[in-house]
Structures are given as C-alpha cells and as structure tokens.
Amino acid sequence: SAEDILRDADIAMYRAKEAGRPSMIFDRQMHQEILDALNLETDLRTALDRGELLLHYQPIVDLETMKIAGFETLARWKHPERGVILPAEFIPVAEETGLIDRIDRIMLIDACMQLTRWRALPGGADIFVSVNIAASEFLREDFAEKTIGAVTALGAPPDGIVLEITENTLLHDMDATAAIMERLKKAGLRVALDDFGAGYSSLRYLNRLPVGLVKIDRTFIRALPDSTSDTGVIRAVISISRNLNMDSLAEGIETTQQLLWLRESGCRYGQGFLFSHAVEPSAAAAFVGRTLTTPSQA
C-alpha cells in the first residue's frame, strides 16, 4: 500500500541520516530491525516493572597497593526467554525511549545500599562505588538536587559515590555541566569522566571541570605496552590528571604486562578481567578489604 511505501522510505531516510549518507535503499532487514527494537522496548518496560534488572559490580584496584578500592555498578537484564542480556544491547534502547532514567535511579539506589553495607565490613572504610549516568539525565535541571537527596535519604556516605559521565555529555552544554558538577562536589560526591580520549573532548577541558576521576578508555589500554602513540596519550592523561589533583583509572586491564606498565606510569586505579569480571553483590562483598597478589615481570 501507499502507507507501507511511505513508512519504508521513512525508515530508509533515518538510517541514511544515522550513517551520514545522502540516501539509502530500503530493504526488509531494516523493517525487521525496527520491529525488534520495538519488541525490545516493550520487553524492557515489562522487565523494569517486574524487577528483572540485575546489578553486578566489577572491582576497582588501587594499582600501587593492589588493594580493592571500589566497584563499578553494571546492569544486566535477566530476560525470561533470552537469558542474560548485556547493557550494550538494551541501554541504547533505554536512552532512546526515556527508560534510562528508571535504570539510572535503580542503579544509584542499589549502589548506595551496597556501599553502606561494604563500608561496615573490615577493610571497607574507604570503599567507593561508581554509577554510570546518561547524559540526558545528568543535564536535567533537577539532577543534582534529586541525586543528593536520594543519597542522603538512603544514608550512604557521599564521598563513596562516584557518578560517571561520558565525554559526549560535555558537548551539550559545558557551562551547565560544570555547574552541576560543582553542586555535586559541594555535597561530597565525585564525578568521573568515563571513556576519556575516545570521544569529543580534549585534555584542556579538564581544568574547567571539577572532575574527581578520569577513566582512560579501554581502546588505549588494549594496545599496551607496544603502541607508542597510545602510551604517549596515556602518560599525558595520567600526568595532567595528577597535576589537576584528579585520580586516573585504566579500564579493560587484561594482561600482567598492561598492569605493570600502568603501575610504573603512575596510574592510580585499574579494573578489568585480569582482576575480576563483574560479579553479584554477595560475591563483591568478598573482595572488600582484600589485597591482590602483586604480579612480577616473570
């Protein structure tokens, strides 16, 4: 029908825009992908109502002492038919549909509760927990007040909460972002700049923002220690972060060689499969107070 043709042309037009192309020919796969996305959205709404979102925690290690310093909160979706779905598949849908605000809130609440429990364990007095926040949520006018209010109401120590935003958040409104960060900082919370180096920012942005932690993107870590260009970027980020009184964290550490290089270069924290995958809260509690074995060159 004419309606079908117009619908299909509309789908092709949006795909062309997403790909940065002047035009694109419609095929049936495009239509199926749209249907799959709609079904995923419907399932995700139901999942949030049923409490199917699972939160796992990946340990963060102090590279100098090799002691567990904190955890990053990571979402998993336990789908009744498809099993566990990773965030790379459902978070983009959540961001497009506005469901990300519910997910971010669930993650923050659970992080606050886990932090309170872990701080009470032996060796857990300085543990921190980081939570990823979508740009659309972070830049809301009432985000800082609502977040501070939630942390206070849950009785969690503000200095143990780290809110992670990606570099593209800075593209929307640098002044607004800085103002929100200042309000959070005054309340005792820290902000981390996630995936640093992979997005749109430059190092010069750091001195304009009250960032507490800079997370070096895993794409740079992957090539260590062989890539001369990547090692130069990493050393620059670590050095500038230190000079601005910010901590640096390397994501995606998978080999002993990467770990040793980062330690020698002065990177403060690290996380990755070399230490542990993301685990359930009960398993994460077993990491609190632990000091990992220091690897050697051998």
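Helix packing and the cavity

Analyst: This is a predicted model. In it, the axes of helix α4 (residues 100-119) and helix α6 (residues 143-153) come within 10 Å and cross at roughly 35°.

User: Is the crossing of α4 and α6 left-handed or right-handed?

Analyst: The two axes cross at roughly 35°. The sense of the α4 and α6 crossing is right-handed.

User: Which residues in α6 are met by Arg105, Leu108 and Cys112 in α4?

Analyst: By class, the contact of α4 with α6 has four nonpolar, one polar and two charged residues. On the α4 side are Arg105, Leu108 and Cys112. Their partners in α6 are Lys146, Thr147, Ala150 and Val151.

User: What volume does the largest cavity have?

Analyst: Searching the whole structure gives one cavity of 30 Å³ or more. The volume of the largest cavity is about 60 Å³.

User: Which helix gives the most to the lining of the largest cavity?

Analyst: The lining consists of Asp101, Asp104, Arg105, Leu108, Ile133, Glu137, Phe143 and Thr147. At least two lining residues come from each of α4 and α6. With four residues, the helix that gives the most is α4.

User: How many residues of the lining of the largest cavity are charged?

Analyst: Asp101, Asp104, Arg105 and Glu137 are among the lining residues, and Asp, Glu, Lys and Arg count as charged. The lining also has three nonpolar residues and one polar residue. The number of charged residues in the lining is four.

Key
Residues numbered from 1 in each chain as written. Predicted model: local features only at pLDDT ≥ 70, side-chain atom pairs only at ≥ 80, totals over all residues. Heavy atoms only, no water. Axes fitted to C-alpha atoms, helices over the stretch in contact; angles between N-to-C directions. Left-handed = near helix turned anticlockwise from the far one by under 90°. Contact = heavy atoms within 4.5 Å. 1 Å grid on protein atoms, 1.4 Å probe; cavity = no way out; pocket = protein on both sides within 12 Å on 5 of 7 lines; lining within 4 Å. Points joined across faces, edges and corners; volume = space filled by probe spheres on them.
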